[in-house]
Amino acid sequence: MIPKGKLIIIGGHEDKGVPGESLAVHKKKDSKTHFEILGMLISKIPRAHHVIEIIASASSIPKEMEARYINAYKEEGFTHVAFIKVENKEDARNPESIKRIQSAHAVFFSGGDQKKLVSILANTPLLAAINNKYHADKNFIVGGTSAGAMAIPETIIIRGVIGEALYKGQIKIGKGFDLINRVIVDTHFIKRGRFARLAHAVALNPTCLGIGLGEDTALVITEGNQAECIGSGMVILIDGSKISATNIDEVKPSTPIVVENLIVSILAEGSHYLLKDRKLILGKPPEI
């Protein structure tokens with residue numbers, strides 16, 4: 001079933017990085033926050049009121065951060081901004097929270113820990129309500145930044161070591177929200193030097209397209225296929241469908257993994273890509 005709504009996966013920016021993993025990043029363009037990106041899309045929907053519900057189960061959001069989120073989203077045109085508190089499975093079965101999702105125009109997952117986020121929301125009525133509305137409502141937007149973006153696909157990176165070489169067991173793959181399939185998302189991609197981690201994940205799941213999101217950068221995905229890059233950074237795509245040789249299936253833990261013929265593409269603001277066709281669109285973009 002082709003979803004009618006839109007997904008926005010954002011590379012993050014709130015986190016300042018992990019010591020030892022960061023690279024120096026120099027930008028030539030003004031960055032766009034996820035508030036602005038969602039505001040750009042919501043402004044195109046003709047309504048008197050726009051409602052966004054924020055789910056921060058992946059991390060603990062202090063009160064001052066909640067106020068900052070609310071003020072920022074209101075500046076971008078959302079008339080109602082609220083947090084849905086989901087700390088356990090029982091919270092995710094709350095009928096009032098489900099009703100709020102059904103009335104919302106956008107749902108946003110904040111950053112933190114994607115494993116925690118999925119463990120709380122997987123197989124719950126709240127996630128089912130989000131999924132149903134995303135597939136049925138052309139004006140509904142599901143967004144996520146950092147861990148919130150990583151949790152959105154069917155297949156996700158739960159954890160992964162960044163090292164000088166790839167070794168068996170250094171990465172753990174799990175099941176996410178399944179709002180989109182055949183992709184794996186990684187975030188803070190340039191800042192934290194995560195190319196090898198995503199390449200490892202794709203080598204293990206060659207039917208999945210790896211999407212590496214730079215900070216202040218997003219993909220807006222329509223119909224589960226048409227992707228537009230927005231933001232000041234770049235998106236790195238890693239396609240494993242043409243892998244011709246690898247030792248990843250039989251390698252020993254002490255032997256480095258090798259992979260031949262990964263296909264890498266680079267997207268920047270305004271570029272478009274068809275995820276299912278694995279095709280960059282040049283010239284006039286499709287209507288999305």
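1. Both Y73 and F108 are buried, where buried means under 20% relative accessible area, exposed means over 50% and partly exposed lies in between (1.4 Å probe, protein chains only). This is a predicted model, in which local features need pLDDT of at least 70 and side-chain atom pairs count only at pLDDT 80 or more, while totals for chains, interfaces and linings use all residues. Residues are numbered from 1 along each chain as its sequence is written, and side-chain values use heavy atoms, with hydrogens and water left out.

2. The structure holds six aromatic pairs. Rings of Phe, Tyr and Trp (its six-membered ring) pair if their centres lie within 6.5 Å; planes under 30 degrees apart count as stacked, over 60 as edge-to-face and the rest as tilted. Y73 and F108 make an edge-to-face pair, with 6.0 Å centre to centre and 65° between the planes. This pair links distant parts of the chain, since Y73 belongs to helix 2 (residues 63-75) and F108 to strand 4 (residues 106-109), 35 residues apart. Helices (H or I, at least four residues) and strands (E, at least two) are DSSP runs, numbered from the N terminus.

3. F109 and F177 form a tilted aromatic pair, at 5.1 Å centre to centre and 45° between the planes. Here too the pair links distant parts of the chain: F109 is in strand 4, and F177 is in the loop between strand 7 (171-175) and strand 8 (183-186), 68 residues apart. F109 counts as buried because its relative accessibility is 0%; F177 is buried as well, with a relative accessible area of 3%.

4. One aromatic cluster is formed by Y69, Y73, F78, F83 and F108.

5. Which residues of helix 4 (residues 114-121) are buried? They are Q114, L117, V118, I120 and L121. Seen down the axis of helix 4, these buried residues fall within an arc of 165°, so they line one face of the helix; the arc is that of the directions from the helix axis to the C-beta atoms. The cover over them includes strand 2 (51-55), strand 4 and helix 5.

6. Helix 4 is followed by N123, whose phi is positive, near 60°.

7. A201 lies in helix 7 (residues 195-204) and, at 0% relative accessibility, counts as buried. Not counting residues up to four places away in sequence, A201 touches I157, I171, I173 and I184, where contact means heavy atoms within 4.5 Å. A201 and D186 are 15 residues apart in sequence and 9.8 Å apart in space, C-alpha to C-alpha.
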